[in-house]
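The sequence and the structure are shown first, and the discussion follows.

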Amino acid sequence: RSETQLALQCVERKSDMSKPTYLGFPDSLDHPERWPPNDCSLIDSGDTAWMLVSTALVFFMTPGLAFFYAGLIHRRSVITIMMQCFISLGIVSCLWFLIGFSLAFGETSRNIIGNPSSYPLFLNLDLCTPVGYPMWPATGTIPAIIFAGYQMLFAVITPAVIAGAFADRFRFGPFLLFLALWSLLVYCPFAHWVWSPNGYLFQWGVRDFAGGIVVHIAAGWSALGSVLFTGSRHFDSEHDRLIANTPHNRTFVALGVGILWFGWCGFNGAAGGESNGVAAYALTNSCISAGAGMLTWLAVEQHHTGKPSLVGACIGLVCGLATVGCSAGYIRPWAAFLVGSVAGPWCYAAIELRKAFKLDDALDVWGVHGAGGLLGSTLLGCLADEGINGMGRSGAFFGKQLCASVWTAFYSCAMTYLILTLINLVTPILPTKDQLRAGLDVSLHNELAYDEDAVKHARGLLSHVECAPACKDGAPEDIQVVGDAGHPTAGGAAAPPPAALPVFQQTTPALPQTGCA
C-alpha cells in the first residue's frame, strides 16, 4: 500500500469476535491486546438507553446556558453571548471528533496525554465495541461510540461557561481561537488526567464523578485568568455601569436555569456510564444539593440586601449543582444536603470577595463554578461513602482531592492567561471603542435581539434622536436601514414598524461622536 493509505489503513475484521478490530494506526498503540472485544453480547440495552437520553439532556444544557447568560447580560450583548455559547457546539464538537477524544481518553505510556492515533475521526469505535480500556477502567456495558458522544457534550459546554466572565470584552474571531486552544491545552489534559484510567491523577487516587474538577474548577479558574488578562470594562458614568451589570431579562434567567437543571440530571446522573443504583444516587443527590443551595443563598441574600430575588434563587441553584458534581456518585443524600447548604453561602462570599478586589467577572463564573467546584472536590474527601461507589472518606483521600483541586485551579488560570496572550499577539482580542459604542450585537454580528431596539437604533443612527439640528447634520451617510420591501429609507424618515426587523448595512464601524444620547 502507498504511504497515504497507511495513514488510514483498515485492518480486515477477523472472524474471531474475541479479537478487536483496529483502524487508524494500530502499530502505534501500546497495549492492543487490552482493548475490549467486538462483542454485541456485552452491550446492555438499558444502560445504553439511559446514556442516549442523558447525552441528549447534556446537549440541551448548552442552549440553556445561552438563555441563562442572555438574561443576566444587558440587552445590547444578548446576541453576542448567545453566539459564544452556540458556536462552541460547532467548534468543539468537530475538534473532539478529530482529535480531542483521543487526547482525553486514548492510550498513553506516560500518563500525561492520550495518543492522537487511538480514536482519530472516532475510528476504533465499532458498533459492538463496548466502552473499556483505555477509556474506562473495566469493560463496560455501553457502546464506546455513545461514551464518546456523551463526553463530547461535556467538552462543548465547559469553555462556553467561561464566556460569561469576559462579556463585552471579546471579539468573535479571537473567541474561536480561544475555544480551540483552550479545549486542547486545558480541557483535554484534565479529562485525561482525572477520568482516564491511564491519567496520573486517576492512578494517584483522585476522583471526580461528574466534572467538579474537569469542568467547574477548570472553567471557573480559567474565567479568573481571562478577567485578569482582559481587565475591567470601562463606563462613561455610574448609570452605564449599573445598566451593564443589571440582568435585562429575568424570565430568560429562570428559563435557562430550568433547562440547565433538567440537563444536569443527565450530566451528573449518567457520569457513571450505567443505569444502576449509583446513577440513582447521583441524580437524587444533585437535586437535593440544588435545592439546598437555592435556599441558603436566599437566606444570605435576605440578610444582606433585605429581599430575596428570583435571580438569586437561580444562581443559588446553580451553585448547589456545580458544587456537588464531583461527589454526586460517591455520597449519601444527607451529605448532598450538606454540600448544597454550604455551597450557597460559600459562593455568595466568593462573589463578594471578587467585588472587593474589583475584578470584573461579568456573570460571576469564578464565584459560582471556580469557588463552588473547589469546595465540592475537597468535601468529597470528607463525605465519600464506600458503600455507594467503592470510595471511602479518609485523611489521605481529602489531601489528594485538595491537592488536585489547587493544581487544577493554578494550571487553568495560568494556561488561560498564556493562551490569551498568544492570541492577542496574532489578532486583537478586545473590541474597539467604536464597536463598544455601537454595541457588540450590531458591530460584531449585525443583529439585535429585540425588534423595538432595532427600530430605536435605526432612528438614532439616521436622525440622532433629533436632539439638536447639529446632530441631524452629523448623521452618518454610510448606514442604510432596509425595510420589508428592501428599499432604503431616507435619512431622518420614519423607521420601519416594530414588526419588521431592519437589516443594518454598515460600510465602516466608525460612528459620529456627538453629544446625542
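Predicted model: local features only at pLDDT ≥ 70, side-chain atom pairs only at ≥ 80, totals over all residues.

Four helices each supply at least two residues of the lining of the second largest pocket: helix H8 (238-244), helix H10 (277-305), helix H11 (310-324) and helix H12 (333-356). The largest contribution to this lining comes from H12, with 5 residues. By residue class, the lining of the second largest pocket divides into 13 nonpolar, 7 polar and 13 charged residues.

Helix H10 also holds His304. His304 counts as partly exposed because its relative accessibility is 49%, and the range for that class runs between 20% and 50%. When neighbours within four places in sequence are left aside, His304 is in contact with Tyr348 and Glu352. With Tyr348 the link involves the side chains of both residues, which are joined by a polar contact of 2.9 Å.

The cysteines form a separate topic. How many disulfides does the count give? The count comes to 1 disulfide. The bond is formed by Cys40 and Cys128, with their sulfur atoms 1.5 Å apart. This pair links distant parts of the chain, 88 residues apart. Cys40 lies in the loop between strand S2 (23-24) and helix H2 (45-72), whereas Cys128 lies in the loop between helix H3 (78-105) and helix H4 (144-162). In general terms, a disulfide is a covalent bond between the sulfur atoms of two cysteines.

| Residue | Relative accessibility | Class |
|---|---|---|
| Cys40 | 44% | partly exposed |
| Cys128 | 13% | buried |
| Cys347 | 0% | buried |
| Cys382 | 37% | partly exposed |

Cys347 is buried, with a relative accessible area of 0%, whereas Cys382, at 37% relative accessibility, is partly exposed.

Note on methods. Residues numbered from 1 in each chain as written. Heavy atoms only, no water. Disulfide = S-S within 2.5 Å. Buried < 20%, exposed > 50% of the residue type's maximum accessible area, 1.4 Å probe, protein only. Nonpolar A, V, L, I, M, F, W, Y, C, P; charged D, E, K, R; others polar. Contact = heavy atoms within 4.5 Å. Polar contact = N/O pair within 3.5 Å; in protein donor to acceptor, adjacent residues only side chain to side chain.
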